[in-house]
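Here are some notes for a colleague who is opening this structure for the first time. Please read them with the model on screen.

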Amino acid sequence: MPAIRLKNVAKRFGKFVAVDNLNLDIESNAFITLLGPSGCGKTTTLRMIAGLETPTEGTITIDEKVVFDADKGINLPPNKRDVGFLFQNYALWPHMTVYQNIAFGLENLKWSRERIRERVDELLKMLKIEQFEKRYPAELSGGQQQRVAIARTLAPGPKVLFMDEPLSNLDAKLRMEMRTELKRLHRDTDSTFVYVTHDQLEAMTLSTKVCIMETGILQQYAPPLEMYNNPANLFVADFMGNPTMNFVDGQLQEDGMLLFGGIRARFASQEKLPAGRRDVVVGIRPEYIHIDPDGALKATVYSTLPSGMETTVKLDMQGMQLTAVVFGDVDYPVDSMVHFSFHKTAVIFDRETGKNIARGSLNV
Amino acid sequence: MNRVQPRGLSFSRARGQARAWLSKPANIILLLFLLSLTLLTLYPLVSMLSETVTIHTGREARAAKEAAGSLSLYHFQRLFATQENDYSWIQFYQPFLNTLIVSIAASVIAILFGGAVAFLVTRTDLKYKKFVSAVFTFPYIMPSWTLALFWETFFKNVNIGLKTSNGIMASVFHVFLPEWFVYGAFPIALVLGLHYAPFAYILIGGILRNMDANLEEAATILKTSRPRIIWRITLPIVKPAMLSTFLLVFASSMSAYSVPVFLGSPVRYYVLSTKMKSLMDSYPGQAYIIVGVMILFGVAILLLNQKVTNSRKQFTTVTGKSGQISKIRLGKANRPVALILVIVLLLVAVLPLITFALESVIIKAGDYSPANMTLDFWIGRDLDQRLDQGDSTGILLNPKVWNALGFSLGLAVTCAVVAGTCGILVGYGVAKRRGSRLASWVNSLSFFPYLMPSLAFGAIYLAMSSRIPWLRGFLLLALVGSVKYLPFASRSGVNAMLQLSGEIEEAALITGVPWWKRMVRVIFPIQKSSFLSGYLLPMVSCMRELSLFVLLVPTSNTILTTMLMQYSEKGWAQFGNAINLLIIVVVLLVNFTVNKLTGASIDKGVGG
Amino acid sequence: MKKILALALALMMTMCCFGAMADVTADVETGETLTHDELVEKAMAETGTFVVYGNTSRIATAAEDFAALYQIPVESNNLKDQEIYTKLRSENGNEAADMVMIQDGAQLTDAIDEGLVVNFVPASVKDALDAGDQQPALVHQYINKLFIYNNRGDAVPAIRNVWELTAPEMKGNVIFKNPESEKVNMNFLVMCTKPEWADKLAEAYKEWKGEEIDLGEYENAGYKWVAEFLDNVTFGKSDTNIAEEISQDTAEGKIGLFVLSKLRSSSVITDNLTVAQYDATANGYEVKPFAGFMYPMYTMINTKATRPYTGMLFVEYLMTQDGFKPWGKSIGAYSPNAEIAVNEGDLTIDLWKNTLVMEDAEYILDSFEVEDFILQHCQN
């Protein structure tokens, strides 16, 4: 039984549709990421599950308990849903000390003073902020404030934890550090995490499953690597991965041959290809374009972008731009001629609908 | 894609939606305020409008040659289109033009003076800042007409006005100022502008204090000159606050009565409010049309104001992070600028107080020699025997004064508590449901009482109370005061709440903190100083209010201001000045105490 | 918005259904037949705080004395005429005034017609009063506004003829309260245009100029005088202020038309002031055709009074020597009660009645166009 289930959930603000007919099952102990560009409805979705926003349509179930049902008129307030929420701007109460911030919610749950003390100490230790106990939020750095916010959210031990872009206000280094902490925390607390972000790398690295949305509509809901390798459509393919996937317009022939950018290749797939010829978009991940002297294809180097661990090479093949990634620090002179080949997989998309047709390998 | 179509309305669904809607405190608050404000502000408006088409008994019915109580457009025709004896020109058009000139000029003066001081105090390293910001609100604390009185007594001379006596400027400094400086449009606008300049200071200062310094710094790096930065960056940012100030000052100046009477009548300079008051005597229908015109103007500016400030709605500054503001160094100019400011403030804010003190101890007007001075008007006994004037005891020994002071304070505190609390609630509701029609209605309604001239507002409430047996005495005064001053509180409430990120409350909501506890333990403490200012402003205004209460007080000894007015009318100027000083000192004491205890003060008011 | 308006209207309707109080006219009729002791008995049977409004500050003293005499709680409120009328129209029940003291006969006539107030003449003083001072409203006292001038310097405006005030050299030297802000002042100016006074003014003009008046565009001499007088006038804030200002050492050549009783103020330098009529009486001449004007202060019972008999008892009290005391202390107030003597140093009421312009409510009520004419001359 999933921990959270959304059925036909929709949210409209007047004529504007923020979330449209969303169906989502979130398993217990999962770390789910709601991913998408800003304005895609991910935060609204999160807030609807938490009860901070009232959906226009649909039902929401948390832990087998219906917390919202538009038709039956059920709508549990947030505090009855046994959830925690970590806000983008921390939302620490500036007039309370770190200790008071964490303890306030517990006092409200009528915990005894000793128990509160114990729990707060535990959290302070867990998040390594013991020394700040008596400070006010304004006296803490961004990262420290974030830790206090996490401690406060975790304090009552919620079964489900919601996080709304909690790391977006931190610098890159701190963000990396906090990601590690969050993933560890997920394991230690044994609860379900629902996480909102617009950073695909964050989604990839943290989650067990990613839910990607655009303009209020669910695009794909799958484990990150599956999403990476077999994106449901062009939008997902484009959004996941950095540098982004290469997209080349092409044509799929009746005989299973693929024509694109002057290349004629055989597309071998385990999936059944549709009959007839059709216009497609060929999607090739940069790391599957291998630059090696034995490659069958030739292109000129447009520019090289080394970043230490890997090098991004922009290739130009008779006007067709391709991005390749090479492991390690390799420098190719600009305008020099290189050979390359396609490795592993490519995905073809219907050019009209943008939908994934099949995944397969390319043989030139 | 299969979009979900809205399903048919089932009963349980509707009930569920209603329950969900009502489960949000913001909705309940807005609903309650919509209902009560409709009753408390629209009802007076409607009854006032009905007066404009009703023929009243007495002179009106006789002049109109129509039966009393009948409906007619007579008043409109008479006020707007009577050429005989230049009636319309004299009673409406000329005063209307004068009102426009004076109100606009007062607004501009308030914005320039208040805005400039706000800028100097918040964005520069000006010296004597503490003094400046403390003293700056004095003119607002004083009843505006006392400032007018001060102006006249200080600057008058035998060449102008009544041409009978010399004020301090002429008698001591031998400076004989021209008539335009002492009487007419210029001093009226100036006095009103100075009186309301604290609004500009509060509103514009609020924005400047919270403004992100990066905006200015970014321009500095681009080698923009200082004046250009102020002109192109700072000014546009404070524009909404300037417009708000304009609205507040314009509406107040338009309905100001005593200042134009004192400084206008010697040179026959009339404005709408003076015409309104004298018409109210015999031709109430026409008087209410003038009230209507004033309200119409207020509403027009309010709409303009809303249009401009709408884009500001998403403006939040308290998120949980804090930034630093860099102060402009004035360098060599610091001391001269500070000194000039201090002198100006001494002149407009402190000198009147000294004058009141002085006028309260001299026996015969105009004679400032020690032989003519006495403390009798403060602490004397058997005065009616010795001076054949006024009450038998000085004001500090007069139980009537103490009773009135107690009543005034009680009234002011009650109005402040009611208006201030309602203001916070309105602010909460409006901020939570911002953008919804309900919120904008309540927001506008809560501002509406501000646009109603006090005198007419009081008259309508008196008429209203006659039909409600329990609405009497203190209760009536407290209700009127609370409604009339709600705009101050709701403005500061809305602004304070808009600055507060919604997450702050949601963070408490999610752990199950009940609504009242979120308000009391989380929201109020964070925006404490803004909210408390929302209490202080109604209190101050209430303490010195006269025309709103004059018809509603059980006796003229009930509150200090009616007592003050009565003393002045009787010509017991010394008692009047003493009471005036007493009011100011009490208000200052309250402000000072609240400030010391909580850190809030009037000058942190409306804009927060 | 429409809904809100509809809601407000509905509420207004329901509220209008309250009200409608008992009228005390019958009680007043009874009261006029009672002796003092019977009146006291009836008044003592009434309960609650007795409330009075008056357009005179001294009502407070009178009310306190009255309260002490009969051991009843009294509340007095000093208000302007208009405020009193507004309150009479709006208030009812215990808080409303039982009795009022009010000026402006014209408006009072309307108020009686409207049924706001009712006249009461105590049996005990009936015989001591002129008939004209009893009906349509009981006059408690007369108040006069006189031409009073500063007597310092060379150009003392010791006028003997009001036309002197219209001379070009008097421009800016005449001070008067704006007739718009006090009705009795307006009434005085209106009265000047009544043929009776207009004729006297025409006569006075002839005496002054030695030639017949040339009316030009004016309807009669009254209009001409009013227009030219107002053109020379500077408006002061209040009579007190005018009195203070004209009494200044620096106010040479200034003359004002204001309440005589203001001379009692200690803030007024009385030595610098001369009352035109006093000077005339002392030197055996007349100020032509008038030395100022005089208007009554009336006592009235509120028709919605909850303590009508206490109100009547207070009226009776006010008409006695004791009741008049608060006003009788100084000059400028005159009881119509022949038994109450004028203050020392003041002239008799009969003399004033002959030399001052008095209100004629009927004429004033029918002359609202004259007010428009006056307003026109209050402009620059």
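Predicted model: local features only at pLDDT ≥ 70, side-chain atom pairs only at ≥ 80, totals over all residues.

How many residues does the contact take from chain C, and how many from chain B?

1. The contact takes 63 residues from chain C and 56 residues from chain B, where two residues are in contact if their C-beta atoms, placed from the backbone, lie within 7 Å.

2. Residues are numbered from 1 along each chain as its sequence is written, and chains are lettered from A and ligands numbered from 1 in the order in which they are written.

3. Of the two pairs of chains in contact, chains B and C share the most contacts, whereas chain A and chain C do not touch, their nearest C-alpha atoms being 20 Å apart.

4. Helix α8 of chain B (residues 144-155) is largely enclosed by the rest of the structure, because eleven of its twelve residues are buried, meaning that 20 or more other C-beta atoms, placed from the backbone, lie within 10 Å of a residue's own. Among them are W145(B), F150(B) and W151(B).

5. In chain A, a closed barrel of six strands runs β12-β13-β14-β22-β21-β15 with antiparallel pairing, two strands being paired if DSSP finds at least two bridges between them. Three bridges join β12(A) to β13(A), and Q251(A) stands opposite L259(A) in β13(A).

Note on methods
Helix = DSSP H or I, 4+ residues; strand = E, 2+ residues; numbered from the N terminus.
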